[in-house]
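Subject: Handover of a structure

Dear colleague,

Please find the structure below, followed by a short account of what was found in it.

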Amino acid sequence: MRLHRCILLVSAVCLWNLAATAQAPAPTTLKDAFRGGFVIGAAINIAQITGRDARGDAILISQFNSISPENVMKWEVIHPRPDVYDFTMADKYVELGLKNHMFIVGHNLCWHAQTPDWVFKDEKGNPISREALIERLHDHIKTVVGHYKGKIDSWDVVNEALNEDGTLRQSPWLKIIGDDFLIKAFQFAHEADPNVQLNYNDYNLETPAKRKGAIALVKKLQAAGVPIAVVGNQAHLQIDGPSIADEEATVTELAASGVKVAITELDIDVLPSAWGKTADVSLNIQANPALNPYPKGLPDDVQQRLAKRYADLFAVYWKHRDVVNRVTLWGVTDSESWLNNWPVRGRTSYPLLFDRDGKPKPAFEAVLKTAAN
Ligand code: G3I
């Protein structure tokens, strides 16, 4: 009798558990879907920061728990002249993140692009000395990181220092300071905020040679005792490549060097890209209708391919959530994506999870489903 009662009780508990599992509502937001794995972010610009894009803000706040500044923290904006720091827009960006309890990313401190020419020149317009440029970099990082100490969670310290073959890019930073500019930049950032997470950020790390270069760079920083915590793989991807296997190898090989991996600028280009796989901002291609095949809307078959590609990618990121600490999309909706104007101006691009009307795309549903499964 007691045995029967026991069996009945156990069965009832099992049934109740099953029912509870079946009834648990599936998450309807990205941030809930991936909670416990990684934060999910979006890059924002002045329109979202100032509230001018109310629709974008509503999506941002309901769906995302991390933000990245698409442009407002870059050197040319935040430090336009030698004696002028302008934190106006960057402060509003940080306030938005703090108000909404978001993981706030700083982007970026040392890059060859969107850095004014004066940085690399003296008062007479001649190339600056190594010592003077190190001092300038120190002043910039100390001032900017210091200004946001305790508020920004993660800084992209050095951006895009590598060539496609894994060697160091011949940027003014490298040419004038030498290859220790990376070590110095990380040291200055650490001094200014010892608790902030420090990242190296680059694109095309799916390319084996470039990835090898990134790993060598991490090892060099580690050997110098520099606290590099994360490598950001930007993941400006195409609809047909790189392969999911390459994406997975990128995550696991970078993580094996002793850092976390962040996917920092995810988007998927569905438009023709005869210029190959790159996110080099200096590329500029003449407009031509053949390069803008979907001005009136994305055909359903492409929409479905995009959804599957996004789902496959998120499956990899979720599988490796022990080392992936953030996935950030480079924009909120398709209408503001940089890919509408790069490398060809005025195209109609479809790289994100929300369409031009702010509606979730099939890719959004596919990504949520990935998390549920
Ligand atoms: O600020 C000027 C404005 O005064 C002018 O009226 C307008 C006219 O075109 O241009 C504005 O500047 C634009 C700037 O974004 C701010 O909106 C530039 O033309 C435009 O080229 C610039 O593009 C940014 C690009 O970086 C430049 O390097 C993109 O928005 C931004 O998405 C992109 O972000 C980079 C990451 O930082 C690093 N990884 C690659 C990624 C994509 O290129």
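Pro242 is placed in the loop between strand E7 (236-238) and helix H11 (244-256); helices (H or I, at least four residues) and strands (E, at least two) are DSSP runs, numbered from the N terminus. The model is a predicted one, in which local features need pLDDT of at least 70 and side-chain atom pairs count only at pLDDT 80 or more, while totals for chains, interfaces and linings use all residues. Residues are numbered from 1 along each chain as its sequence is written, and side-chain values use heavy atoms, with hydrogens and water left out.

The peptide bond from Gly241 to Pro242 is cis, with omega near -5°. Another cis bond runs from Trp342 to Pro343, with omega near -10°; Pro343 is found in the loop between strand E9 (324-329) and helix H13 (362-372). Glu160, which is not a glycine, has a positive phi of about 55°, and its place is in the loop between strand E4 (154-159) and helix H8 (172-177). These points are noted because most residues other than glycine have a negative phi, and most peptide bonds are trans.

For the side chain of Gln114, the distance from an N or O atom to a ligand oxygen atom is 2.8 Å. A nitrogen atom of the ligand lies 3.0 Å from a polar side-chain atom of Gln234. On its own the ligand has 790 Å² of accessible area (Shrake-Rupley method, 1.4 Å probe), of which the protein covers 55%.

Finally, there is a pair of helices to examine. The axes of helix H7 (residues 130-147) and helix H9 (residues 181-192) come within 8 Å and cross at roughly 35°; axes are lines fitted to C-alpha atoms over the stretch in contact, and angles run from 0 to 180 degrees between N-to-C directions.

A colleague

Technical notes. Polar contact = N/O pair within 3.5 Å; in protein donor to acceptor, adjacent residues only side chain to side chain.
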